[in-house]
Amino acid sequence: MKYLVGIAFVLIIGALVAAGFFMMRGGKGDAPKSRNMARALAVRVGLSILVFVLILISYQLGWIEPTGVPVRR
């Protein structure tokens, strides 16, 4: 499970880097650059939502358990 979440985070960072690349790269007009950048950001948001839902489902199925933070008294 942790490998799947790790791979998803790498893909999220990759989509963010791609959006930054499209933003910085010059193009012929703003439309193609904006379309590619918006698509890369949409992929990033979609992957983030997918990871969040995957974590919720994994918790409900018992695949992961919360450990909590130890409290000193």
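This is a predicted model: local features need pLDDT of at least 70, side-chain atom pairs count only at pLDDT 80 or more; totals for chains, interfaces and linings use all residues.
**View 1. The protein chain as a whole.** Two helices and zero strands turn up in the protein chain; here helices (H or I, at least four residues) and strands (E, at least two) are DSSP runs, numbered from the N terminus. Of the 73 residues, 12% are buried, where buried means under 20% relative accessible area, exposed means over 50%, and partly exposed falls in between (1.4 Å probe, protein chains only). The accessible surface of the chain is about 6,200 Å², and carbon and sulfur atoms account for 70% of that; areas come from the Shrake-Rupley method with a 1.4 Å probe, and for residues only the protein chains shown count as cover. Take the contacts (heavy atoms within 4.5 Å) between residues at least 6 apart in sequence: 55% of them join residues at least 24 apart.

**View 2. Helix H1 from end to end.** Helix H1 covers residues 2-24, which is 23 residues. From first C-alpha to last, H1 reaches 33 Å, close to the 33 Å expected at 1.5 Å a residue; the expected span is 1.5 Å times one less than the number of residues. Its buried residues are Val5, Ala8, Ile12, Ala15 and Ala19.

**View 3. Ile55 and its partners.** Ile55 belongs to helix H2, residues 30-61. With a relative accessible area of 35%, Ile55 counts as partly exposed. Skip its neighbours within four places in sequence, and Ile55 is in contact with Val5 and Ile64. Val5 is 50 residues away along the chain, yet the two C-alpha atoms are separated by 8.4 Å. Val5 is also on the list of buried residues of H1.

**View 4. Ser58, tucked under cover.** Ser58 is another residue of helix H2, and it is buried, with a relative accessible area of 0%. Not counting residues up to four places away in sequence, Ser58 touches Met1, Trp63 and Ile64.

Terms used: Residues are numbered from 1 along each chain as its sequence is written. Side-chain values use heavy atoms; hydrogens and water are left out.
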